[in-house]
Amino acid sequence: MIDHSALATSEIIFMREAIKQAHLAEERDEVPVGAVIVQGHKIIARAHNQVETLSDPTAHAEMIAITQATDHLSNKWLTECALYVTLEPCAMCAGALVLARIPRIYFGAQDPKAGACGSVFNIAHHPQLNHRIKIKKGPLAAQCSQLLRRFFEKKRYLINQRKVDRKIRF
């Protein structure tokens, strides 16, 4: 018999670890997305967005975590693993996760502009692809959404401040 309360507790624990990674991204002025990959009950990869730091549009948390996990396992397949990520994966990341054969994705916040696990597209569970991923939306969704919202509000505020400063100088 499955202990559903233990599963829910594990989901919270692992999503909190992904949120810690998102905070690391935010500290580096990156979009605050964090991810962990778990095998059994052990985290085998931890990553956060590094797009700005590396000047690499593919340096999403999920992509970095996939590389870490496959290196750790010395295997290109992540068939015994699960991904916990603070934001719904984009098309690039969902495609890579399909190729890695990961069986489960847990994401916090939905991405209504670029989400590829059900919000805009559903690459993760597309019937024409050779692998489908089970998706669970929402572990700690409010916390994940708030982190992103606060980051972008701060960005918009700073942009508006620069505009005001320029007007004052002229």
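The exercises below work through the helices, the sheet and the salt bridges of a predicted model.

Residues are numbered from 1 along each chain as its sequence is written, and side-chain values use heavy atoms, with hydrogens and water left out. Because the model is predicted, local features need pLDDT of at least 70 and side-chain atom pairs count only at pLDDT 80 or more, whereas totals for chains, interfaces and linings use all residues.

**Exercise 1. Describe helix H3 and find what its buried residues pack against.**

Step 1. Helices (H or I, at least four residues) and strands (E, at least two) are DSSP runs, numbered from the N terminus. Helix H3 covers residues 61–73, 13 residues in total, and reaches 18 Å from its first C-alpha to its last, close to the 18 Å expected at 1.5 Å a residue, where the expected span is 1.5 Å times one less than the number of residues.

Step 2. Buried means under 20% relative accessible area, exposed over 50%, and partly exposed in between, with a 1.4 Å probe and protein chains only. The buried residues in H3 are Ala61, Glu62, Ile64, Ala65, Ile66, Ala69 and Thr70.

Step 3. These buried residues pack against strand S1 (34–39), strand S2 (42–48), strand S3 (81–87) and helix H4 (91–99), contact being heavy atoms within 4.5 Å.

Step 4. H3 lies across S1, S2 and S3 and runs at about 145° to S2; axes are lines fitted to C-alpha atoms, for helices over the stretch in contact, and angles run from 0 to 180 degrees between N-to-C directions. Serine 74, with a positive phi near 50°, follows the helix.

**Exercise 2. Work out the strand order of the sheet.**

Step 1. Two strands pair if DSSP finds at least two bridges between them. The open sheet of five strands is ordered S2-S1-S3-S4-S5, with mixed pairing.

Step 2. S2 and strand S5 (134–137) are the edge strands, each pairing on one side only, and the twist averages 15° from one strand to the next.

Step 3. Strand S4 (residues 104–109) and S5 run parallel and are joined by four bridges; phenylalanine 107 has lysine 137 in S5 as its bridge partner.

**Exercise 3. Locate glutamine 21 and list what it touches.**

Step 1. Glutamine 21 belongs to helix H1 (residues 4–27), and with a relative accessible area of 10% glutamine 21 is buried.

Step 2. Not counting residues up to four places away in sequence, glutamine 21 touches Val33, Gly34, Ala35, Arg46, Ala47 and His48.

**Exercise 4. Examine salt bridges of the structure, which holds five.**

Step 1. Side chains of opposite charge can pair when their charged atoms come close. A salt bridge is a side-chain nitrogen of Lys or Arg within 4 Å of a carboxyl oxygen of Asp or Glu.

Step 2. Glutamate 11 pairs with lysine 136, their closest N and O atoms being 2.8 Å apart, and the pair links distant parts of the chain, with glutamate 11 in helix H1 and lysine 136 in strand S5, 125 residues apart. Glutamate 11 is buried at 11% relative accessible area, while lysine 136 is partly exposed at 36%.

Step 3. Glutamate 17 and lysine 20 form a salt bridge at 3.0 Å, N to O; because they are three residues apart in helix H1, about one helical turn separates them. Glutamate 17 counts as buried at 17% relative accessibility, whereas lysine 20 is partly exposed at 49%. Glu17, Lys20 and Arg46 are linked in a network of salt bridges.
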